[in-house]
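Dear colleague,

Please find below the structure for your review.

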Amino acid sequence: MDKLLLHVGPTTIKEDVLVAGLENNVGFTSKEFVEALAYSLKGLRYVMGASKNYQPLIIPGGGTSAMESVTSLLKPNDKILVVSNGVFGDRWEQIFKRYPVNVKVLRPSPGDYVKPGEVEEEVRKSEYKLVALTHVETSTGVREPVKDVINKIRKYVELIVVDGVSSVGAEEVKAEEWNVDVYLTASQKALGSAAGLGLLLLSPKALSILDSQNSIAGYYLDLRNWLPVMRGAEEGKAAYFATPPVHVILQLAEAFRLIEKEGIENRIKRHTMVASAIRAGLEALGLEIVARRPESYSNTVTGVILKVADPQKVLAGTVNEGVEFAPGVHPAFKYFRIGHMGWVTPNDAIIAISVIERTLRKLGEPIRFGEGVKAVEEVLFSAR
Ligand SMILES: Cc1ncc(COP(=O)(O)O)c(C=O)c1O
């Protein structure tokens, strides 16, 4: 049986994207590769909402390497405020603690989000060089209202960094309009390409910091080393700092071609529709979701709380029925996660809820059996 992958990343990779990596003689100096890199950089500006004033970078690794490369903008003793709504927000703290900087973390109660006013209160109290936010916290499926936070704090801090690993390609992102200094993501989530790349977009201010001062960054993740490679590609020239994941970048370029064809607004609408259909199905079944507040429901991840059934058994049971979901990773909840991003379709919402209904019934979870799929159908029908 073909498996439907509704994981939080890697997500399903379309065949055209996979096949784009099947080239046996592409060197990093080749025209094909330089074009694919340049095209992907352009694609990044498109999905993150920025003009040529912003500099995109593509580095090996993933979300974590992109996060750690932000140290390229920091000096010893800089003060950083991390706004953490869960496990991946906490990762900012874990990273910065390895470097000679001072970190303070704001956290909400589990399943909630730090309110813009709370961030404002903190940055007015104390002078921070950088504030790090997570657009969609993948451990809880909670979306931070980054635009509102930035409106409140922009004048108090030098740099604003947003982790968009679970948002870019599925949520509205306007890096330039919102005045973000670093927006980052990874290749394997809502962009629907293979894992292996950290993607960043830097504001003119972030670029001038890179150009003008040394930092606490190490060697491989110092963005100063990668910048000439990106600038070179956009001028049609190959440059080397360290071997790029050539084939993964060929795949990413194809993913951007498909995203452009769909149109980013249509893509966001599709994600919104699928996410609301899935949530309607879960609510009709009588299941509780991890995200506490409706305004913070994300387009990409939904955590499903279990009263009775063992999450491991739910995951094994649903795989048996042909759908792979993701385990929960936040210690405060007994739950599993549905990833609905990338190339997810409205019909996937029906399959997801149907498989969840059948599996949970078998495992003794109290649900209103049969109500879930009906609710999904209603949302999809009214959306047309
Ligand atoms: C919001 C968020 N940030 C960062 C990361 C880390 O990304 P990676 O696993 O690609 O290093 C993840 C991974 O799931 C994530 O969801």
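**Findings**

Leaving aside neighbours within four places in sequence, Lys189 is in contact with Gly9, Thr11, Val165, Ser166, Met341 and Gly342; two residues are in contact if their C-beta atoms, placed from the backbone, lie within 7 Å. This is a predicted model, in which local features need pLDDT of at least 70 and side-chain atom pairs count only at pLDDT 80 or more, whereas totals for chains, interfaces and linings use all residues. Residues are numbered from 1 along each chain as its sequence is written.

Lys189 lies in the loop between β9 (182-186) and β10 (197-202). Here helices (H or I, at least four residues) and strands (E, at least two) are DSSP runs, numbered from the N terminus. Lys189 counts as buried because it has 30 C-beta neighbours inside 10 Å; the classes are buried for 20 or more other C-beta atoms within 10 Å of the residue's own, exposed for 12 or fewer, and partly exposed in between. An unreviewed UniProt entry lists Lys189 under "modified residue: N6-(pyridoxal phosphate)lysine (covalent)". The unreviewed entry in UniProt also lists residues 29-332 under "domain: Aminotransferase class V". UniProt positions are given in the numbering used here, feature names are shortened, and annotations may be inferred rather than shown by experiment. Over residues 29-332 the chain is 40% helix and 17% strand, with the end C-alpha atoms 49 Å apart.

Two further buried residues may be of interest. Ala275 is in helix α10 and is buried, with 25 other C-beta atoms within 10 Å. Beyond four places in sequence, the contacts of Ala275 are Tyr297, Ser298, Asn299, Thr302 and His340. Of these, Asn299 is 24 residues from Ala275 in sequence and 5.3 Å away in space, C-alpha to C-alpha. Arg337 is found in strand β15 (residues 335-339) and counts as buried, with 26 C-beta neighbours inside 10 Å. Again leaving aside neighbours within four places in sequence, Arg337 is in contact with residues including Val8, Gly141, Val301, Thr302 and Phe325.

Next come the helix pairs. Two packed helices are described by the angle between their axes and the distance between the axes. Axes are lines fitted to C-alpha atoms, for helices over the stretch in contact, and angles run from 0 to 180 degrees between N-to-C directions.

The axes of helix α12 (residues 346-362) and helix α13 (residues 371-383) come within 8 Å and cross at roughly 165°. That angle makes α12 roughly antiparallel to α13 (under 35 degrees counts as roughly parallel, over 145 as roughly antiparallel, 65 to 115 as roughly perpendicular and the rest as oblique).

By class, the contact of α10 with α12 has 9 nonpolar, 1 polar and 2 charged residues.

Yours sincerely

Technical notes: Ala, Val, Leu, Ile, Met, Phe, Trp, Tyr, Cys and Pro count as nonpolar, Asp, Glu, Lys and Arg as charged, and the others, Gly among them, as polar.
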